[in-house]
Amino acid sequence: MKLGAVFPQTEIGADAGAVRAFAEGLQELGFDHLLAYDHVLGADRAVHTHLAGPYRTEHMFHEILVLFGYLAGIAPRLELVTGVVIAPQRQTALLAKQAAEIDVLTGGRLRLGLGIGWNDVEYEALGENFHDRGRRFEEQIELMRLLWQDPVVTFEGRWHKVTAAGLNPLPVQRPIPIWIGASAEPALRRAARITDGFFPQRPLEGGWPETMERMRVWLREAGRDPDAFGVERRIQVGSGTPDDWRASSEEWQALGATHLSLVSLDGGLAGPDAHLERLREAREALPG
């Protein structure tokens, strides 16, 4: 399995030096990739009491695609992974352009994780429709793949129209790999049909073994090889013991994970050095 770490988004602070130190340190520790979360705006929980997701105005989020442009020059050996960009709240052609640019700057080391999100407040502020986001999502993926491969694209879908236009430069990877965050059955089926991999979040009824077996069935039904499909699970190492971390790693290796990302958040760690030290301890505890 490939081993990465999650950018400590809400705990790294706004100092560019700390961001740089974390990325450089992660690369020096020999990790394969860095995964970062996406939020553009935080909602005031006193006003938006209906929101069930964890992040609000008090949680710091560096803008993920700008961050990756910065990290491309700082830690050039790391694969950069969005986990996940909320695609339907962003303009599709612009997202395709930004992703292509990061792929160029990293020499083909971008993995674009996408999702549809839960925060209607962000959708409103960004001028996009929260209620049709799932239906638009598949068309976004189709259009982005065309834009990453063809110098000139003409496309007319239900929500998008491009007339004889294209990206320049094109990305190194043609197309850039697309993974999605998924937990509900329709999203898991979508991942099996049209994406290169997925980030497991919550299991279906029957637990993870049943969920992963159903994924393999859906992949075969779509005419795809389950062994060529990516699976990346996040493991919490901000708390727990090396035995806990090792058990989680072994469980997901047995379930067919191709990638793991270690999460050092929510462990009371202060500053990039403390996060890096915990990640070093966890890396050494995991089976080779």
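Helices (H or I, at least four residues) and strands (E, at least two) are taken as DSSP runs, numbered from the N terminus. The model is predicted, and local features therefore require pLDDT of at least 70, side-chain atom pairs count only at pLDDT 80 or more, and totals for chains, interfaces and linings use all residues. Residues are numbered from 1 along each chain as its sequence is written, and side-chain values use heavy atoms, with hydrogens and water left out.

A closed barrel is formed by 8 strands in the order E1-E2-E3-E4-E7-E8-E9-E10, with parallel pairing; two strands are taken to pair if DSSP finds at least two bridges between them. From one strand to the next, the twist averages 25°. Axes are lines fitted to C-alpha atoms, for helices over the stretch in contact, and angles run from 0 to 180 degrees between N-to-C directions. Strand E7 (residues 178–182) and strand E8 (residues 197–200) run parallel and are joined by 4 bridges. Helix H6 (residues 185–194) packs on the sheet and touches E7 and E8, its direction making about 165° with that of E7; contact means heavy atoms within 4.5 Å. Trp179 stands opposite Gly197 in E8. Helix H8 (residues 242–254) lies across E8, strand E9 (230–236) and strand E10 (259–263), and runs at about 165° to E9.

Salt bridges (a side-chain nitrogen of Lys or Arg within 4 Å of a carboxyl oxygen of Asp or Glu) were then counted. The count by this rule is 19. One of them joins the side chains of Arg90 and Asp38 at 2.9 Å, N to O. Arg90 lies in the loop between strand E3 (79–86) and helix H3 (92–105), and Asp38 in the loop between strand E2 (33–36) and helix H2 (64–74), so the pair ties together parts that are 52 residues apart in sequence. Both Arg90 and Asp38 are buried, where buried means under 20% relative accessible area, exposed over 50%, and partly exposed in between (1.4 Å probe, protein chains only). Asp38, Glu63 and Arg90 are linked in a network of salt bridges.

The side chains of Arg145 and Asp196 also meet in a salt bridge, at 3.4 Å, N to O. This pair links distant parts of the chain, 51 residues apart, with Arg145 in helix H5 (residues 133–149) and Asp196 in the loop between H6 and E8. Asp196 has a relative accessible area of 30% and is partly exposed. A salt bridge of 2.9 Å, N to O, brings together the side chains of Glu185 and Arg214. Glu185 belongs to helix H6 and Arg214 to helix H7 (residues 207–221), 29 residues apart. Glu185 is partly exposed, at 28% relative accessible area, and Arg214 is partly exposed at 25%.

The largest pocket holds about 1,100 Å³ of space. On a 1 Å grid over the protein atoms alone, a cavity is a set of points where a 1.4 Å probe fits but cannot get out, whereas a pocket is an open set with protein on both sides within 12 Å along at least five of seven lines; lining residues have an atom within 4 Å of a point. Grid points are joined across faces, edges and corners, and a volume is the space filled by probe spheres set on the points. The lining of the largest pocket comprises 37 residues, of which Val84, Trp118, Gln201, Arg202 and Arg234 lie nearest its centre. At least two lining residues come from each of E3, H5, E7, H6, E8 and E9, and E9 supplies the largest share, 4 residues.
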